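Reader: I have a model open beside its sequence, and I would like to learn how to read its features one at a time. Could you take me through them?

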Amino acid sequence: MNKRIFIIGGKTQARSLAESLALKKYDVTVVNSDEHFCQRLAEMEGVNVIFGDGSRVDVLEDADINQCDVAIAMNDHDADNLVVCQLCKKIFGVKKTVAMVSDANRTTLFYQMGVDSVICATSAITGLLEQQTIADEVNHVVPVTEGRIRISEILVSENSEMVGKKLADINLPKEAIIGCVIRDNENIIPRGDTYIKANDMLLLLASAACEDKAVKIITGRK
């Protein structure tokens, strides 16, 4: 049975993520309080759409959030995303919660409050800027909202060939970048001399065309 993933809030990024997950045959449900956005999203094949405020217990209950494997909160306000993740985890027993944050300083707080994964676009883009190999490509990388770049969260297994290697020694496709390394609830902005360790969570930013190749390199799968 495919994993059930709920995307709560958000607009363009939420639409892009929903489309990407649906194409990979995940069971995707979007909960959003923008009626017009919901109407447009309902036209997308393979995506369930629920109109309502995802920070309300009754809306989440009606959406059967308790059946979900992963809940991703993508609202504009960090506080709203924290509330959503708290409700999903503590009231409905969702296995994994993911929150988008705009302020990197709140990342530690979110982890302390029980959010399983915290993604900060600001930190990710900072990581891109600090990697010299893509400094001249920033204009092509930054427009994440246009769907030209996909963000993936990948766990490095203990038997991965990447373990113990420096980032500079990993031969990723040209249009794929490790924007952030999450290690023991700490966000690390990687540089070329950053070593990869087992159980690191890597935030991969890649073009749609080379995403799959980059994931195969990181995971070691054929």
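Author: Let us begin with burial: a residue is called buried under 20% relative accessible area, exposed over 50%, and partly exposed in between, using a 1.4 Å probe and protein chains only. Glu 211, at 5% relative accessibility, therefore counts as buried. Please keep in mind that this is a predicted model, in which local features need pLDDT of at least 70 and side-chain atom pairs count only at pLDDT 80 or more, while totals for chains, interfaces and linings use all residues. Residues are numbered from 1 along each chain as its sequence is written, and side-chain values use heavy atoms, with hydrogens and water left out.

Reader: Which residues are buried in helix H8?

Author: Helices (H or I, at least four residues) and strands (E, at least two) are DSSP runs, numbered from the N terminus. In H8, which spans residues 211-219, the buried residues are Glu 211, Ala 214, Val 215 and Ile 218. Viewed down the axis of H8, these buried residues fall within an arc of 100°, so they line one face of the helix; the arc is that of the directions from the helix axis to the C-beta atoms. Just after H8, Gly 220 takes a positive phi of about 85°.

Reader: How should I read a salt bridge, and with which residue does Glu 211 form one?

Author: Side chains of opposite charge can pair when their charged atoms come close. The criterion here is a side-chain nitrogen of Lys or Arg within 4 Å of a carboxyl oxygen of Asp or Glu, and the structure holds ten such salt bridges. Glu 211 forms one with Lys 24, the closest N and O atoms being 3.4 Å apart. Because Glu 211 lies in H8 and Lys 24 in the loop between H1 and S2, the pair ties together parts that are 187 residues apart in sequence. Lys 24, at 45% relative accessibility, counts as partly exposed.

Reader: What separates Asp 212 and Lys 216 in helix H8?

Author: An α-helix has 3.6 residues a turn, so residues three or four places apart point the same way. Asp 212 and Lys 216 are four residues apart in H8, and therefore about one helical turn separates them. They form a salt bridge whose closest N and O atoms are 3.4 Å apart.

Reader: In what order do the strands of the open sheet run?

Author: Strands of a sheet pair through backbone hydrogen bonds, either parallel or antiparallel; by the rule used here, two strands pair if DSSP finds at least two bridges between them. The open sheet has six strands in the order S3-S2-S1-S4-S5-S6, with parallel pairing. Its edge strands are S3 (47-51) and S6 (117-120), each of which pairs on one side only. Strand S5 (residues 96-101) is joined to S6 by four bridges, and Met 100 stands opposite Ile 119 in S6.

Reader: Where is Asn 81 placed, and is it buried or exposed?

Author: Asn 81 is placed in helix H4 and is buried, with a relative accessible area of 0%. With contact meaning heavy atoms within 4.5 Å, Asn 81 touches several residues beyond four places away in sequence, among them Ala 73, Met 100 and Phe 110. A polar atom of the Asn 81 side chain also lies 2.7 Å from the backbone nitrogen of Asn 75.

Terms used. A polar contact is a pair of N or O atoms within 3.5 Å; within protein, one must be able to donate a hydrogen and the other to accept it, and residues adjacent in sequence count only if both atoms are side-chain atoms.
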